[in-house]
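I opened this structure to look up its pockets, its cavities and its core. My entries follow in the order I made them.

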Amino acid sequence: MKALTIVATVLVGYFTSVLDVAAGQMGMGMIEDVPSKGELNGSNFTYPFPTFVYKFTSQLQEIEMVFMDVAPTVKPNGKVAVCLHGKNFCGPTWEETARKLAGVGYRVILPDQVGFCKSSKPDAYQYTLQQFVYNTRNLLQALGIGNVTVIGHSLGGMTSIRFGLMNPEISERIAAINPIGLEDWEALGVPYMSIDDLYVSESQSNYSSIRGYEQPTYYVGEWKDSYDVWVNMLVNIYQGSEARRFAFNQALVTDMALSDPVVYEFGLLQPRTLLLIGDKDNTALGKQWSPPEVQAKLGHYNVLGKQAAAAMPNGEIIEFAGLGHAPHIQEPDRVHEALLGWLAK
């Protein structure tokens, strides 16, 4: 692999290359190109775009954060979008969205967060949304990127809102597709589950359990063969060379999300924000281990989306009737038309 260091510059507003300079020149880490195919950190899924690894130190550990960098396919508009994946997805899940954005002039950055996919899976890591945002912001700075549009789904939508709260000065817009964190699950009665018990549950994940969770929640009971790509991408990691660490990291992430809802801070979110909501979504962390009377109160996105948008000073909402937790996968044309229309305003 050819070592590439951090360069604080943008060439015509989009990615053309990462230039060679002395390693660690800016004290922010190092970027190297890596093959899109083959195993890296426990995943052997083939990535669809030029793939890189951002190497840096975090929490006294050497960390690798893998990302894809997608150049515009038309005249660049000078804008950059960063797309943040959900807990059960990886950067490649954004492939179609990235192609749509690149097709209207955006440079698109698709990171795998620490603990996920082709990025490092530490033996121990203090996960917070703030740490996700900090790592993502440092990656963007390492690439010489300033202002960004942040697009996130599910956990990535929750992280995109935290990004806007922490970095309003560079957040041009926030678009969150069925973000989690629109309600406080524990305050509504979800019982605490220890990290040890979460780990046991995560380590038992397989095709049947993942599909069994996603089909009613993400896709409102329907199933297409194309959805298997994303399920098998996860199964590959749960059963791969980093299986134990991956399951433990996922347990830590679930505990983090349960402990840090963003619902109480919507009124502080300054960037212009769009919620894209499949109104049949019923996602709620901890719902599956909660008593029936608590389950009945959780995950009503047809209500939660409107409440969240109304609480945000510059919030807007577009709802998709009949769609679930992953509307951009269920009906990508419908969602992308809405997203690109909003970005063009």
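Entry 1, second largest pocket. I looked up the second largest pocket and found about 210 Å³ of space in it. It is lined by 13 residues, and those closest to its centre are Thr93, Glu96, Trp230, His328 and Ile329. Helices H1 (95-102), H6, H10 (327-330) and H11 (332-344) each give two or more residues to this lining. H1 has the largest share, with three residues. I sorted the lining by class and noted six nonpolar, five polar and two charged residues. The model is a predicted one, and I keep that in mind for every entry.

I then turned to the largest pocket, with a volume of about 540 Å³. Its lining has 26 residues, and Lys87, Asn88, Glu202, Tyr213 and Gln288 are the closest to its centre. The elements that give two or more residues here are helix H4 (195-203), helix H5 (207-218) and helix H7 (243-259). H5 supplies the largest share, four residues. By class I noted 13 nonpolar, 11 polar and two charged residues in this lining.

I listed its lining as Leu84, His85, Gln113, Phe116, Phe132, Leu155, Gly156 and Thr159. Helix H3 (155-166) gives the largest share of this lining, three residues. The lining holds four nonpolar and four polar residues, and no charged ones.

I followed Leu155 from the cavity lining to the largest nonpolar core, where it is among the residues with the most contacts, along with Tyr54, Ile109, Leu110 and Leu276. This core has 104 residues. Helix H6 (residues 228-238) gives the most to the core, seven residues. In soluble globular proteins, nonpolar side chains tend to be buried together.

Most residues other than glycine have a negative phi. Ser154 has a positive phi of about 60 degrees and lies in the loop between strand E7 (148-153) and H3. Gln59 has a phi near 55 degrees and is found in the loop between strand E3 (51-58) and strand E4 (61-70). Is Ser154 buried or exposed? Ser154 counts as buried because its relative accessibility is 6%, under the 20% cut-off. Gln59 counts as partly exposed, at 32%.

Technical notes: Residues are numbered from 1 along each chain as its sequence is written. This is a predicted model: local features need pLDDT of at least 70, side-chain atom pairs count only at pLDDT 80 or more; totals for chains, interfaces and linings use all residues. Side-chain values use heavy atoms; hydrogens and water are left out. A nonpolar core is a set of buried Ala, Val, Leu, Ile, Met, Phe, Trp, Tyr and Cys residues joined through side-chain atoms within 4.5 Å. Buried means under 20% relative accessible area, exposed over 50%, partly exposed in between (1.4 Å probe, protein chains only). On a 1 Å grid over the protein atoms alone, a cavity is a set of points where a 1.4 Å probe fits but cannot get out, and a pocket is an open set with protein on both sides within 12 Å along at least five of seven lines; lining residues have an atom within 4 Å of a point. Ala, Val, Leu, Ile, Met, Phe, Trp, Tyr, Cys and Pro count as nonpolar, Asp, Glu, Lys and Arg as charged, and the others, Gly among them, as polar. Grid points are joined across faces, edges and corners, and a volume is the space filled by probe spheres set on the points.
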